Amino acid sequence: MTIQERKAIPIPQVEARKPVPRQNLRVPGPTPVPPEVLEAQAAPMINHRGPEFSAIMKRVTPRLQYFFQTASPVLTYPAAGTGGQECAVVNVFSPGDHVVSIIIGNFGKRLAQIAEAYGLNVSRIEFPWGEAADPAIIETRLKELAPYKGVLITHNETSTGITNDVQALAALVRRLSPDALVVVDAVSSLSSVPLEMDPWDLDVVFTGSQKGWMIPPGIMMIAASERAWQAHKNAKLPRFYWDWTSTRKHLETSWQHPTTPPVSLFYALDVALEMMLAEGREAIFARHVKAGDYVRGRVQAMGLKLLATDLRYASNTVTAIQAPEGIETKALLKKLHDEDQIVLADGQDHMKGKMFRIGHLGYFTEADLQQALDAVERHLKELGYQA
Ligand SMILES: *Cc1c(COP(=O)(O)O)cnc(C)c1O
């Protein structure tokens, strides 16, 4: 076929652009962004190799280290949270390495799948949805599975609304296998609930901008311990975009990135970190504890069942609720969206349609949560639910 014979592509007929009405966005990411942060992003572009961008990185980097509680450099990448999972795996492991993956839901499963996709030998320790990783079971299984190069852990499992006791799990791994790397997916926890990378002796920790950081999706942040940097030197999995050495070199020599960073998102991060410091780390944690308690209290008062089987592990950033008998999640979410501009999240994977999730992380007020829960209560009644 010659070029002349190929069909031209006509101008597409698409739906006209129209503004989205103001929503109460209560999904566990992306989360609402404060007006100051939205405004910051409207500033004109600057050269990402110039002094103005470096000035942002000089402010942002130590502040991220503070929120991570690490003396290690926090590296930033233009990426989704899943990029953090892949970045962690490719930088510290080699083909065929044995790693143990602790899975309590969909995101833990994804991290294991990524490790498998890169040819690691992955042993899975899985728990039913709604449960946290039980340290006693983990201890027994880790002893059976040794030796292993690393253990992959989800801090806050966003698909089930469960927060693992990462501090205890990491201490356990360290006691059983002192050299194993503890890799922690903290995408929906870091900044919102306590996580202390250096004091807890965690080796790789990553998070995503659109969860607790009050900025839009697009920046992934990751840090590695001295132990992980040593492993990185000998790690043989292929890497280029995710290569820590290159990213660290650019950061430390010029406060830049190897490739073009999302400049507007860094304007946003700069302002959001200022706001977070003004509020204070402990105050942010306290606000999330209060939100978790409030949402769980309301849900239980409606006679609904949480997915969490043990309230001690119920997440303070996202609450997962079982759909009542005979009510389809889809119908409830549609009513909330269409009638009230309230957006909640469905279940994932095999729990789609059988549960729903309310995000309460980052930028929110108790009034936002109250409005969402009042509407849930009202619509469930309309759908025939009786407590
Ligand atoms: C959201 C999330 C991810 C994935 O983030 P994306 O930005 O959707 O790729 C991974 N892990 C956890 C725990 C998450 O909450």
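**Exercise 1.** Which residue stands opposite M221 in strand 10?

*Solution.* Before starting, note that this is a predicted model, where local features need pLDDT of at least 70, side-chain atom pairs count only at pLDDT 80 or more, and totals for chains, interfaces and linings use all residues. Residues are numbered from 1 along each chain as its sequence is written, and side-chain values use heavy atoms, with hydrogens and water left out.

Step 1: T207 stands opposite M221. Step 2: strand 9 (204–208) pairs with strand 10 in the antiparallel sense, over five bridges. Strands are DSSP runs of E with at least two residues, helices are runs of H or I with at least four, and both are numbered from the N terminus. Two strands pair if DSSP finds at least two bridges between them. Step 3: strand 2 (residues 74–78) also pairs with strand 10 in the antiparallel sense over five bridges, and here P78 stands opposite I219.

**Exercise 2.** Decide whether strand 10 (residues 219–224) is buried or exposed.

*Solution.* Step 1: buried means under 20% relative accessible area, exposed over 50%, and partly exposed in between (1.4 Å probe, protein chains only). Step 2: six of the six residues of strand 10 are buried, so the strand is largely enclosed by the rest of the structure. Step 3: in a regular strand the side chains alternate between the two faces of the sheet. Step 4: on one side of strand 10 sit I219, M221 and A223, on the other M220, I222 and A224, and all are buried.

**Exercise 3.** Find the residues that touch the most other members of the largest nonpolar core.

*Solution.* Step 1: a nonpolar core is a set of buried Ala, Val, Leu, Ile, Met, Phe, Trp, Tyr and Cys residues joined through side-chain atoms within 4.5 Å. Step 2: the largest one has 91 residues, and F93, L202, W213, I222 and W244 touch the most other members. Step 3: helix 9 (residues 263–279) gives the most to this core, with nine residues. Step 4: domain 1 (24–31 + 280–382) and domain 2 (35–277) both give residues, so the core lies between them; these bounds come from an automatic or database domain assignment.

Step 2: look around L202. Leaving aside neighbours within four places in sequence, L202 is in contact (heavy atoms within 4.5 Å) with residues including V166, A170, V182 and S225. Step 6: a second, separate core of 24 residues includes L304, L306, F356 and I358.
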